[in-house]
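Hi everyone, thanks for coming along. Please take a moment with the sequence and the structure before I start talking.

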Amino acid sequence: MARVNETTVAVDPQILAGLDNYRNLPAAQQPTWYSEEALALSQETLSKLPPLVFAGEVDTLRDRIAQAAAGKAFLLQGGDCAETFADATADRIRNRVKTLLQMAVVLMYGSSLPVIKMGRMAGQFAKPRSSDTETREGVTLPAYRGDAVNGYDFTAESRLNDPKRLVQAYHTSASTLNLIRAFTTGGFADLRSVHEWNKGFTDNPANARYESLAKEIDRAIQFMAAAGADFEGLRSTEFYTSHEGLLFDYDRPLTRIDSRTGTPYVVSGHFIWIGERTRQLDGAHVDFLSRVRNPIGVKLGPTTSTDDLKRLVDKLDPNREAGRLTFITRMGAGKIREEMPKLVEAMKSMESTPLWITDPMHGNGITTKNGYKSRRFDDVMDEVRGFFEVHEAAGTFPGGIHIELTGDDVAECLGGSEQIDEAALEARYESLCDPRLNHMQSLELSFLVAELLASRK
Ligand code: PEP
Ligand code: CO
């Protein structure tokens, strides 16, 4: 089967063979497809479709991440836990992009640092699950693994693991990314439209605070205009996509050899991360992603040992390349202050300079009395504070945040200044997977992080 594009440079056959070495290794969290034939067809299709992102963009992102790792930029990564095909609409995508742009402005204004904007978008269609199956009232079906694998409805038809969905995931990612590119380069993301991004969101305290910040930015821009500044640089913004590198049957056919350099890139997204459940040192995911040029993230939960950490660095960043590796800690608010210092200290002897970012979502899950998967906004904030404290004590840089959020007015996480309570979840809970911060909670969080960044200086 054709797996790579034709290239103009000679490709080292060992590089090509290496890309398939994962097939010899244990691969956690892979679906069992209903048909091998259908799978082969989807892979053939994917292997011929154009790349979603370009190697040159990926290289620029690696440089940006290197800047953040050196304390000269901050990474904002956010989006759905699981994107769905149904929610890839213009309104929903726009609300997510607007929310990320607003958060970035708050962070940038508070910290005076460039903010790297990255969506968990245009590819986040596959989920790891704690069990292969789900049983309801005596009926057992395959667990929902994300829209790239099967449907959420609890029927045999919908839960069928259907490889055709891999191709639909590609096309949905392509149209999502097309709109993102239009919004972020077509004038919508112009900093002079900073008020526009707030339109359409309901009135609330976080928005009011944002509006007053937007006024200050206007004043600064008017001042600069009077001084004769050139605003071409404000017209557009870089925006990167990311997803968990989970499904080999999606990311492998979308791995291509860069014609400039003869090296492999995953072209389904700029930044790929390895999840907490698939970061086994001798497993397929670490092996595969060690062989591609994209910047790679690794989730680190509270059981991560310093030995694991060192071995991950040796495998994923053998050349100690700035911008290559990002550690995404997700310890839980109650654990971060105890579990993280040893990891940060251990890195000091490794000559690797990873970017450290906090995911204050995945270590703080709870189930409410009325049966919803939720998170308390206060716990999320507390983990972020703990992350900053640990880095302050170690003299290292707290370089970013990784958030599950939506631009819509949902009620999935408890608390925030709107004081979302358990009853509210019954009316406005939409996530098919983990609970997300809504628009207002996302803005509130960015104000807190901006304050923490400002007070570092
Ligand atoms: C996620 O980011 O949605 C996720 C599953 O995270 P983790 O691997 O940290 O549990
Ligand atoms: Co999640």
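A word on the ground rules first. This is a predicted model, where local features need pLDDT of at least 70, side-chain atom pairs count only at pLDDT 80 or more, and totals for chains, interfaces and linings use all residues. Residues are numbered from 1 along each chain as its sequence is written, chains are lettered from A and ligands numbered from 1 in the order in which they are written, and side-chain values use heavy atoms, with hydrogens and water left out.

So, the overall fold. The protein chain has 13 helices and 14 strands; these are DSSP runs numbered from the N terminus, with helices being H or I of at least four residues and strands being E of at least two. The radius of gyration is 21 Å, close to the 23 Å that the globule rule gives for 457 residues, so the chain is as compact as a globular protein of that length. That radius is taken over C-alpha atoms, and the globule rule is 2.2 Å times the number of residues to the power 0.38. Along the principal axes, the C-alpha atoms fill a box of roughly 60 × 55 × 45 Å. Of the 457 residues, 56% are buried, where buried means under 20% relative accessible area, exposed means over 50%, and partly exposed is in between, using a 1.4 Å probe and protein chains only.

Now the metal. Which residues hold the cobalt ion, ligand 2? The protein donors are C81 (SG), H362 (NE2), E404 (OE) and D434 (OD), lying 2.1 to 2.4 Å from the ion. Donors here are N, O and S atoms within 2.8 Å of the metal (3.2 Å for Na, K and Ca), and water is not among the atoms, so sites may look incomplete. Along the chain, the donors of the cobalt ion follow the spacing C-x280-H-x41-E-x29-D. Distant parts of the chain are linked here: H362 sits in the loop between β11 (355–358) and β12 (365–367), while E404 is in strand β14 (residues 400–404), 42 residues apart. Is E404 buried or exposed? At 0% relative accessibility, E404 counts as buried.

For contrast, look at T367, which is found in strand β12. At 60% relative accessibility, T367 counts as exposed.

Next, helix α11, residues 377–394. At 1.5 Å a residue, its 18 residues should span 26 Å, and the end C-alpha atoms are 26 Å apart, which agrees. The expected span is 1.5 Å times one less than the number of residues. Among the buried residues of α11 are F377, V380, M381, F387, F388 and H391. Just after α11, G395 takes a positive phi of about 75°.

On a 1 Å grid over the protein atoms alone, a cavity is a set of points where a 1.4 Å probe fits but cannot get out; a pocket is an open set with protein on both sides within 12 Å along at least five of seven lines; and lining residues have an atom within 4 Å of a point. Grid points are joined across faces, edges and corners, and a volume is the space filled by probe spheres set on the points.

The largest pocket has a volume of about 760 Å³. Of the 38 residues that line this pocket, the closest to its centre are P128, R129, K373, C433 and D434. D434 is also one of the cobalt donors.

The second largest pocket holds about 390 Å³. Of its 21 lining residues, M108, V115, K117, T237 and E238 are the closest to the centre. Helix α4 gives the most to this lining, with four residues.

How many cavities of 30 Å³ or more are there? The count comes to two. The largest cavity has a volume of about 80 Å³, and its lining includes F125, H243, E244 and Y250. The second largest cavity has a volume of about 40 Å³, and α8 provides the largest share of its lining, three residues.

That's the tour, so over to you for questions.
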